[in-house]
Amino acid sequence: NALDAAVAAYTGISMMRQQMKPKWRAHGIFTNGGTKPNIIPEKAELHYYFRAPNEKELAVLKKRAVSVFESAATMTGCRVKIEEMVGYSNVLGNPVLMKLYEKNASSFGIKFVTPDRLPVGSTDMGNVSYCVPSIHPLYSIGEKAINHTRAFTDYLDSDYAHKQTIVAAKSMAMTAIDVLMDPSLLDQVKTSFGDQIKSAEIG
């Protein structure tokens, strides 16, 4: 019964959460549980996202999750096939570029604050940041609603949100111009990027 295997896997991942690090995440849904109630499902599917602060920790989390899936298949007499999607790396914000961006944004009157906790999410910008020096600035549009919600979407059409977006775009452009016009800054960016990659590889 493939559905039993899927239920066991789902339950196993849920039980694993107690032993997961605080910043690890596991999000899963059933995408196929069979065709009819009176037919034993020969196939069932789960779709999972796994998140961790960095590549090293994600590899550990994924290994544990795969063990759960394989164990669920074994104890129900089923086979399991795992299809891994393209993943997103954590974002490596280049400290030199970040300081330049902060300087340029401040020239427009933007004030920077340190949040109690940083927002988490997934973005292919993380993958880019492992290839070239990068920054991924966040800026306020004056609305406390969380993104990917209707309230946030509705507020995006406000004049204030448009103004803040233009300021962020100009600050990014000015940061790029700073680096292009000053070879010494470019060298600092490259050196910092090299150090970040080495640190990420060491973990």
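User: What do buried, partly exposed and exposed stand for here?

Analyst: Buried means under 20% relative accessible area, exposed means over 50%, and partly exposed is in between. This is a predicted model. Take Cys 78: its relative accessible area is 23%, so Cys 78 is partly exposed. Cys 131, with a relative accessible area of 59%, is exposed.

User: How many disulfides does a search of the whole structure find?

Analyst: A disulfide is a covalent bond between the sulfur atoms of two cysteines. Searching the whole structure gives 0 disulfides.

User: How do I read the nonpolar cores, and which residues have the most contacts inside the largest one?

Analyst: A core is built from buried nonpolar residues joined through their side-chain atoms. The largest nonpolar core here has 15 residues, and those with the most contacts inside it are Ile 13, Met 16, Met 20, Phe 50, Leu 61 and Phe 69. Two or more residues come from each of H1, strand E2 (45-51) and helix H2 (55-76). H2 gives the most to this core, with 6 residues.

User: Which residues does Phe 50 touch, not counting residues up to four places away in sequence?

Analyst: With those neighbours left out, Phe 50 touches Ile 13, Arg 25, Ala 26, Leu 58, Leu 61, Ala 65 and Phe 69. Another core, of 10 residues, lies apart from the largest one; among its residues are Val 96, Leu 97, Leu 100 and Ala 105.

User: Which residues make the nonpolar surface patch?

Analyst: Patches are looked for among residues with over 30% relative accessible area. Val 7, Tyr 10 and Phe 30 make a nonpolar surface patch of about 240 Å². Val 7 is found in helix H1 (residues 2-16). The relative accessible area of Val 7 is 38%, so Val 7 is partly exposed.

User: How should I read salt bridges, and how many does a search of the whole structure find?

Analyst: Side chains of opposite charge can pair when their charged atoms come close. The search of the whole structure finds 4 salt bridges. One of them joins the side chains of Lys 43 and Glu 45, at 3.5 Å from N to O. Lys 43 is partly exposed at 49% relative accessibility, and Glu 45 is partly exposed at 33%.

User: Where in the chain are Lys 62 and Glu 84?

Analyst: The side chains of Lys 62 and Glu 84 meet in a salt bridge of 2.5 Å, N to O. Lys 62 is in helix H2 and Glu 84 is in the loop between H2 and helix H3 (95-106); the pair links distant parts of the chain, 22 residues apart. Lys 62 has a relative accessible area of 31% and is partly exposed, whereas Glu 84 is exposed at 62%.

User: What does the salt bridge between Asp 178 and Lys 103 tie together?

Analyst: In this salt bridge the closest N and O atoms of Asp 178 and Lys 103 are 3.4 Å apart. Asp 178 lies in helix H6 (residues 159-181) and Lys 103 in helix H3, so the pair ties together parts that are 75 residues apart in sequence. Lys 103 is partly exposed, with a relative accessible area of 47%.

User: Is the phi of His 148 positive or negative, and where is His 148 found?

Analyst: Phi of His 148 is near 70°, a positive value in a residue other than glycine. His 148 is found in the loop between helix H4 (125-129) and helix H5 (150-155). The relative accessibility of His 148 is 78%, so His 148 counts as exposed.

Technical notes
Residues numbered from 1 in each chain as written. Predicted model: local features only at pLDDT ≥ 70, side-chain atom pairs only at ≥ 80, totals over all residues. Heavy atoms only, no water. Disulfide = S-S within 2.5 Å. Buried < 20%, exposed > 50% of the residue type's maximum accessible area, 1.4 Å probe, protein only. Helix = DSSP H or I, 4+ residues; strand = E, 2+ residues; numbered from the N terminus. Patch = residues over 30% accessible without salt bridge, like charges linked within 9 Å, V, L, I, M, F, W, Y side chains within 5 Å. Areas by Shrake-Rupley, 256 points an atom, 1.4 Å probe, with all protein chains shown as cover. Core = buried A, V, L, I, M, F, W, Y, C linked by side-chain atoms within 4.5 Å. Contact = heavy atoms within 4.5 Å.
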